[in-house]
Amino acid sequence: LTGRTHQIRRHAYRIGHPVLGDTQHGDSKVNRMWRTRRGLNRLALHCLSIRLNGGSDELVAPLDPKIRSVLERTTLWEEACRNEPRILLDPIDERGGTFGRHYRKSLQKEGTA
């Protein structure tokens with residue numbers, strides 16, 4: 001993989017596993033169903049973790065609460081949690097950034113937290 005734009009999405013499509021919500025390389029009927037019935041209004045592609053410095057450092061990026069709320073309503077959620085318990089981690093950024101105090105307050109106002 002070279003990291004070219006859309007590359008992972010193209011590969012997933014070519015092997016018969018298009019990414020949910022992908023309007024360019026996905027299945028429009030499936031995407032419409034997920035959007036209308038389940039509220040998925042984005043690309044369902046997420047990098048949970050990445051290892052750096054030869055594997056000695058690992059960064060973990062928990063799921064955004066909005067995508068998590070969509071996935072929790074599926075039958076696959078329990079199996080996913082058993083296989084990868086880190087998806088249950090809450091997004092925390094003590095610096096007050098994207099998932100910091102201000103973000104949590106905005107979620108409370110929206111009623112998602």
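Buried means under 20% relative accessible area, exposed over 50%, and partly exposed in between, with a 1.4 Å probe and protein chains only. I wrote that down before looking at any residue.

**Ground rules.** I am working from a predicted model, where local features need pLDDT of at least 70, side-chain atom pairs count only at pLDDT 80 or more, and totals for chains, interfaces and linings use all residues. Residues are numbered from 1 along each chain as its sequence is written, and side-chain values use heavy atoms, leaving out hydrogens and water.

**Overall layout.** I counted five helices and two strands in the protein chain. Helices (H or I, at least four residues) and strands (E, at least two) are DSSP runs, numbered from the N terminus. Along the sequence the order is α-α-β-β-α-α-α. Of the 113 residues, 24% count as buried.

**Helices 1 and 2.** In helix 1 (residues 7-14) I found Q7, R9 and A12 buried. G16 follows that helix with a positive phi, near 85°. D27 caps the N-terminal end of helix 2 (residues 28-38), with a side-chain oxygen 3.0 Å from the backbone nitrogen of K29. For such polar contacts, the pair of N or O atoms must be within 3.5 Å; within protein, one must be able to donate a hydrogen and the other to accept it, and residues adjacent in sequence count only if both atoms are side-chain atoms. Just after helix 2, G39 has a positive phi of about 80°.

Strand 1 (residues 49-52) and strand 2 run antiparallel, joined by four bridges; two strands pair if DSSP finds at least two bridges between them. I see L52 opposite D57, and four residues between the strands. N53, in that loop, has a positive phi near 55° although it is not a glycine. Most residues other than glycine have a negative phi. N53 counts as exposed because its relative accessibility is 58%.

I50, L52 and L59 make a nonpolar surface patch of about 260 Å². A patch takes residues with over 30% relative accessible area and no salt bridge, joining like charges within 9 Å and nonpolar side chains (Val, Leu, Ile, Met, Phe, Trp, Tyr) within 5 Å. The areas come from the Shrake-Rupley method with a 1.4 Å probe, and for residues only the protein chains shown count as cover.

**Salt bridges.** The structure holds five, each being a side-chain nitrogen of Lys or Arg within 4 Å of a carboxyl oxygen of Asp or Glu. R51 and E58 meet at 4.0 Å, N to O. R51 counts as exposed because its relative accessibility is 55%, while E58 is partly exposed at 34%. R86 pairs with E84 at 2.8 Å, and R51, E58, E84 and R86 are linked in a network. R68 and E72 meet at 2.9 Å; both lie in helix 3, four residues apart, about one turn. R68 is buried at 16%, and E72 is partly exposed at 38%.

**D64.** Which residue caps the N-terminal end of helix 3? It is D64, with a side-chain oxygen 2.9 Å from the backbone nitrogen of K66. D64 is buried yet has no salt bridge, and the nearest side chain of opposite charge, R42, is 4.7 Å away. For charge, Lys and Arg count as positive and Asp and Glu as negative, with His and the chain ends not counted.

**Last look.** L89 lies in the loop between helix 4 (77-83) and helix 5 (101-110). L89 and P62 are 27 residues apart in sequence but 5.8 Å apart in space, C-alpha to C-alpha.
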